[in-house]
Amino acid sequence: MKKYLFLMFISLSVCSISCDQRETMLYDDEPEIYFEKFYMNAIAPGTEQRDSTLTSFFFYPDGTQDIKASLLVLLSGKFLDTDLHYGLKVVEELTTANPDEYTIDPSYTFRAKVGNVKQVKDTLRILMHRSDRLASLPNGVRLVVELVPNETVGLGQAERIRANIILTTKVIKPIWWTREVEESLLGVYSEKKYKLFLNEIDKNAEMGEDLIKNRPDMAIKLVMKFKVWLSTQNPAILEEDGSLMEVNV
């Protein structure tokens, strides 16, 4: 029994020392950056799936020529005392966007602090440009970018050192526009109706699953404003099939 307790004590001690060393190593690691989203499926045993950032002119007023794609960048390793500068490059073999459809800055900055709070994440923004061909491409174009390390910062998880950006003038039906929303709020979905609703009423894109579930009164209020707006239009707003555009609130 004494021998067993002695061996267990030794095992726990080794584990404690090992854990302390691992935590110290993590704390002292040099800074590494990586994107929040996975550009490829995670390597086993990870289960995360690849994801893209959709950037669409659909959500902006007609005539808008430039919009920004926002990518969340995460930091691992020791906290920064000063701002960190890093690069970004285009992965040409995976990119279908033309050079005139995006602008990559010479360098980007990961801010060390916002106010008095040290940062573990920051947002990178890429300027995207409308081209004449975009409207004829139902799936838009793809821009794949990769973080570039330097002497002050390395790269983190391999599956997150790149980011996929989709640029389009279209949009898919929002997942929150369910049959219940059709029956009791906005009626049958159409791209034209959604764009008018965003441009004229919901300019901050507040409508969504959380608002419908937690603040149904606000959701109804937005749709009522849209209903009143539709009723004042002369000539009346029609759907693409010629039917009158209506909501069901």
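## Strand E12 and its surroundings

Strand E10 (residues 141–148) and strand E12 run antiparallel and are joined by six bridges. Strands count as paired if DSSP finds at least two bridges between them. Val145 stands opposite Ala163 in E12.

This is a predicted model, in which local features need pLDDT of at least 70, side-chain atom pairs count only at pLDDT 80 or more, and totals for chains, interfaces and linings use all residues. Residues are numbered from 1 along each chain as its sequence is written, and side-chain values use heavy atoms, with hydrogens and water left out.

**The chain as a whole.** The protein chain has five helices and twelve strands. Helices (H or I, at least four residues) and strands (E, at least two) are DSSP runs, numbered from the N terminus. Of the 249 residues, 37% are buried. Buried means under 20% relative accessible area, exposed over 50%, and partly exposed in between, with a 1.4 Å probe and protein chains only. Contact means heavy atoms within 4.5 Å. Among contacts between residues at least 6 apart in sequence, 72% join residues at least 24 apart.

**Strand E12.** E2 pairs with E12 too, in the parallel sense, over five bridges. Here Thr53 stands opposite Ile165 in E12. Strands of a sheet pair through backbone hydrogen bonds, either parallel or antiparallel.

How many residues of E12 are buried? Seven of the seven are, so E12 is largely enclosed by the rest of the structure. Arg162, Asn164, Ile166 and Thr168 point one way from the strand. Ala163, Ile165 and Leu167 point the other way. In a regular strand the side chains alternate between the two faces of the sheet.

Thr168 lies in strand E12, and Ser190 sits in the loop between helix H2 (179–184) and helix H3 (191–200).

| Residue | Relative accessible area | Backbone nitrogen reached | Distance |
|---|---|---|---|
| Thr168 | 5% | Lys170 | 2.9 Å |
| Ser190 | 14% | Lys193 | 3.0 Å |

**Helix H3.** Lys193, Tyr194, Lys195, Leu196, Phe197 and Leu198 are buried in H3. The buried residues of this helix pack against helix H5 (216–231).

**The largest pocket.** This pocket holds about 560 Å³ of space. Its lining has 26 residues, and Leu54, Ser56, Phe59, Val171 and Ile172 lie nearest its centre. Strand E2 (52–56), E3, strand E12 (162–168) and H3 each supply at least two lining residues. E2 gives the most, with five.

**The open sheet.** Another part of the fold is an open sheet of five strands, in the order E5-E9-E3-E1-E11, with mixed pairing. Strand E5 (102–103) and strand E11 (154–155) stand at the edges, each with a single partner strand, so one side of each is left without a neighbour in the sheet. Within this sheet, Ile33 stands opposite Leu75 in E3.

Note on methods
A polar contact is a pair of N or O atoms within 3.5 Å; within protein, one must be able to donate a hydrogen and the other to accept it, and residues adjacent in sequence count only if both atoms are side-chain atoms. On a 1 Å grid over the protein atoms alone, a cavity is a set of points where a 1.4 Å probe fits but cannot get out, and a pocket is an open set with protein on both sides within 12 Å along at least five of seven lines; lining residues have an atom within 4 Å of a point. Grid points are joined across faces, edges and corners, and a volume is the space filled by probe spheres set on the points.
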